[in-house]
Amino acid sequence: YSHNTQDVSQQDTTYTLVRYSQNKNTIHEQIDLKGQQPIPGLATETYYIDYDQKTYALQLEYPENETYLTQLPFSQQEFTHQGKEKINNYNCEKYTTSINSNTIEIWITHDLDFQATPMAQFAHLGGVMIKYRRNGSSITELTHIKKEKKKTKYQNMTPSPTAKQVT
């Protein structure tokens, strides 16, 4: 998934890597810092989505091996179905909602044989999120799907067992 805005001069160069294995996702934000060093003490965020259990976890990992974890049930945010559209050659269902005065539009496809989203808070919609737009300008869009040539069993598909629980 890539992130961008309509204004190319402000284009965001981050991307999100989503891995899927055995009905679970991991979402890891990757930031292109263009050679700059990250801010000291900045945490790395990783989301773990379990579609079977209808839960997701946010894990924060700090440079000195400090790890924190919070687990949440899927959101119950209500969406309005707006119809069908074709996005990037995928048959999609379009949904809209409003969150904290932000207009959210999401396009989901059920054409693929797995579920994936770069945003854990919308995992309850199922399918694969193809496009997300906030307030008409901030866009996250699926850029490509890479299927491993051989069966790959990903490590770290579950949160760290040593993470400190945050409630």
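I'm working on a predicted model, where local features need pLDDT of at least 70, side-chain atom pairs count only at pLDDT 80 or more, and totals for chains, interfaces and linings use all residues. Residues are numbered from 1 along each chain as its sequence is written, and side-chain values use heavy atoms, with hydrogens and water left out.

**Salt bridges.** I searched the whole structure and got four salt bridges (a side-chain nitrogen of Lys or Arg within 4 Å of a carboxyl oxygen of Asp or Glu).

**Glu-66 and Lys-164.** I found their closest N and O atoms 3.7 Å apart. The pair links distant parts of the chain, 98 residues apart: Glu-66 sits in the loop between β5 (55–61) and β6 (67–73), Lys-164 in strand β12 (residues 164–165). Strands here are DSSP runs of E, at least two residues, numbered from the N terminus. I looked up accessibility too (buried is under 20% relative accessible area, exposed over 50%, partly exposed in between; 1.4 Å probe, protein chains only). Glu-66 is partly exposed at 31%, and Lys-164 is partly exposed at 43%.

**Lys-84 and Glu-93.** This salt bridge has its closest N and O atoms 4.0 Å apart. Lys-84 is exposed at 67%, whereas Glu-93 is buried at 17%.

**Glu-105 and Lys-94.** Here I get 3.0 Å between the closest N and O atoms. Glu-105 is in strand β9 (residues 102–109) and Lys-94 in strand β8 (residues 90–99). Both are buried. Shared partners join Lys-94, Glu-105 and Arg-133 into one salt-bridge network.

**Val-128.** I placed Val-128 in strand β10 (residues 128–134). Val-128 counts as buried because its relative accessibility is 1%. Its C-alpha is 8.5 Å from that of Trp-107, 21 residues away in sequence.

Conventions. Helices (H or I, at least four residues) and strands (E, at least two) are DSSP runs, numbered from the N terminus.
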